[in-house]
Amino acid sequence: MTRISAGGAYVPRLRVTAETIADVWGTFRASGIDRTAVPDADEDALTMAHAAAARAIKAGNRDAGTIARLHLATTTPPLAEEDLTARLCSTLDLPDGVATATYTGSTQAGVQALVGAVQADTATVVVAADAPRGDPDSRLGHAAGAGAGAVLVTPDGGARIDATASHTAAYPGTRVRQRGAERTRELGVRTYERRAFRETVTGAIDRLDIDADSVDAAAIQAPDGDRPYRVANAVGIPDSAVEAGIAVRDTGDLGAASPLVGLVNALAGEHSRILVAGYGSGAGASVLHITRTDTVPVDQAVAGDVELSYAAAERRRGTFDGAPVSGGGAHVSVPSWQQTLPQRHRLAAGTCRSCEALMFPPSGACRSCGATRGYDPVTLPGTGTVAAVTTIRKGGAPPEFAAQQTRSGAYASAIVDLDADDGRTVTAPLQIVLVGEEDIAVGDRVTTTLRRIYEQEGVPRYGLKGVPMAVTR
Amino acid sequence: MGEAYIVGAGQTPFGSFPDRSYRDLFDEATRQAIDSVPEEVDSGRIDEVVVGTLGVGGRQIGLPGPAVSEHAGIGGVPCTRVENACASSGYAVRQAVQAVRGGQADLVLAGGVEVMTDVSDDVARWWLGVSGETEWERLTGTTFAGVYAQMASAYAEEYDVDPSVLSEIAVKNHDHGAKNPNAQLGFTCTVEDAESAPVIADPLTLYHCCPTTDGAAAALVASDDVAAEVRNDPVQVTGVGAGTDSVGLFQRETFTGIPAADRAATRAFDEAGIEPRDVDVAEVHDCFTIAELFAYEDLGFCGRGEAPTLIAGEETTLAGQLPVNPSGGLKAKGHPIGATGAGQAVEVFKQLTGDAGERQVPNADRALTHNVGGSGGAAVVHVFEEVSL
């Protein structure tokens, strides 16, 4: 499989500007960045990976049942140990037989996942999602953004992967996160860091044996808006190509997702000769040369239409979390939760085998006819209309949602008439994500998105929440 | 089938009592109930005890019925704890009535108790959420107030409602509660107070929500023979109706009323052989002010969408055509979850036996109690009539 047939990208709507950060700390320490993306309190690498991968699959009009492989790349998995690809296969409705791999450990993981898909030679979803964090007054901390990029690597498709190459050289200490730590640290020796980046990336590009000045989009690892240009200049890739291949100016450092988000952007811009270059500390770089001969459909939800104050941004990241909450959470045991994953992850509904009424969740006696003959599965498209709603503000949240509310403010709890493909609807309760002063009323239309619901027994639980259609990008 | 009568009823003050135990409170309510019977009744005559309680704070989840009975000196007799969230002791009264009517017992103590204020806000909020549907509804991040607020949003969408009507209900119930020495929030308030209070779940403010409360209440339910022996003006239970519905709001057929309460009321009125307009005084379940609006419509006091008109016309104030919640309701009197249903029985007993002090509704002969569990997963309605024996 050496082609790319579709792409998807997701960057959170929330941004904090370089000026805001400079006001707080006296200066903004990263170059070439105007705004960085901030994940909402209930977003993380898994939810963003789902958002990007789902968009890629949909853009490619791909039947999820034909996908044979999933590669997930991130340096910030919500769990240090547990294979998150299993949950992603569930949320994306991939078949049981899918082979999965997780790439992690450095920001090179994204392109490593992509190169791995080329080598695997089978229909693969490759998704990289990241939300790096650094000390609040460090270069990395200032530059840190969040986002995800995904591509479908398949036998057919409008873009052909012509060649791949790598270069590895031991340069310890440039960018490190200790075990159990929340924040990544850079060594702060600029010349050493630049040398590691340059040697590995140019080393890999040189092995590709390409015409550097004919590259028209270069999706180069962008820990800031300066590094990619330096490397491009060193090998003769035009500045305009870098401009077309990086998103960092408006997103900040996307970690492992950086080259993939750039690639998706390059495909959207209909560039023909695309270079993808990923780099990770350690150090190592992998590069791919891609020729686009036909349109590659992409779906990008990347615009940042909400700007936050510094305090609001830090609250969302969890810096000012407030007092720990006692009182317990809603008691749904892990095994009980697992039984309901088709509903939580995919809105799996059912039609009564007796009277064909639509039910959600499809369990227990039919609410329409009382029969207990079970249900035939029906998947809902994930849109609906609000039938009843309330906005929950400070003091109104149950304990297990108190932290989320402290971090991201008011949200709504609604009963939504979910659409079915045949025109019928079925009611379901959904939390509605509200940002800033947004509100939601009976009659409004919503779509759904995967978010982190809560954590209990140390196990994070993910499910679908509603998003007002009016603000869906 | 025999008849059942309330021959005595009593309650503790409702409020916050950090130095009282749940057993202690139940004991006091039992004493008050026994003391309210004109002829002396030995607690040894009580055949059975039915206790409603949710167990907020995790206290005595197993065998709370025997635990409080023993403490009140009524150990040894058949005893059970009934739980239907906020309708627990309403259902306890119903169960006592069933036992007496069915000839299984001659004198049954039906009561309820709850202690809620000795836990942190977070713990209290957790317990308030257990009576909603946990796996789906609660995990949208809603509290109890949120579910009723959702109903309010649907009601406002369907009927043209002046939002201040919710505050008018709070004003009315506080007015009544200010006349009730047992009320937790025995002070009056204004519409402005209610509207400017912090929003808990849009459109419900703090003043549209009942408080968390400690308290106990109990009623003595007697057979024909025992009733005739101990007083000449017992309160007959002429109608009982109860029903259930989906625990989660999202699976109900309507969001603008409580079908379980509607069903319960229909059955109660049928059995009593009366119409809603025959009721002289009612204690309804106003856990949130919107719930009182629904009560008027579910009970048939008016048609769908017309409840705001009753409020605007002041028809349900003490001076009105049909006083509702003369005690102050859950809003001002307080809502110790397991005790509320029995507390409603205590109030109507006082009203019908002329013992309601400043809150007395003149010439009250027939009364109704309406007790709802959760957002409407369970409901029980009793109709009472003062009789001479």
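## A salt bridge between two chains

A salt bridge is a side-chain nitrogen of Lys or Arg within 4 Å of a carboxyl oxygen of Asp or Glu. In this predicted model, where local features need pLDDT of at least 70, side-chain atom pairs count only at pLDDT 80 or more, and totals for chains, interfaces and linings use all residues, the side chains of Glu400(A) and Arg138(B) meet in such a bridge, at 2.6 Å from N to O. Between chain A and chain B the count is two salt bridges.

Residues are numbered from 1 along each chain as its sequence is written, chains are lettered from A in the order in which they are written, and side-chain values use heavy atoms, with hydrogens and water left out.

## The interface as a whole

Contact, meaning heavy atoms within 4.5 Å, involves 44 residues from chain A and 30 residues from chain B. The buried area, which is the accessible area (1.4 Å probe) that two parts lose on being put together, summed over both, is about 3,000 Å² between chain A and chain B, and carbon and sulfur atoms give 60% of that area.

## The side of chain A

Strands and helices here are DSSP runs, numbered from the N terminus (helices: H or I, at least four residues; strands: E, at least two). Among the elements of chain A that give two or more residues to the side touching chain B are strand 19 (383-392), helix 14 (399-408) and strand 20 (411-419), and strand 19 of chain A supplies the largest share, six residues.
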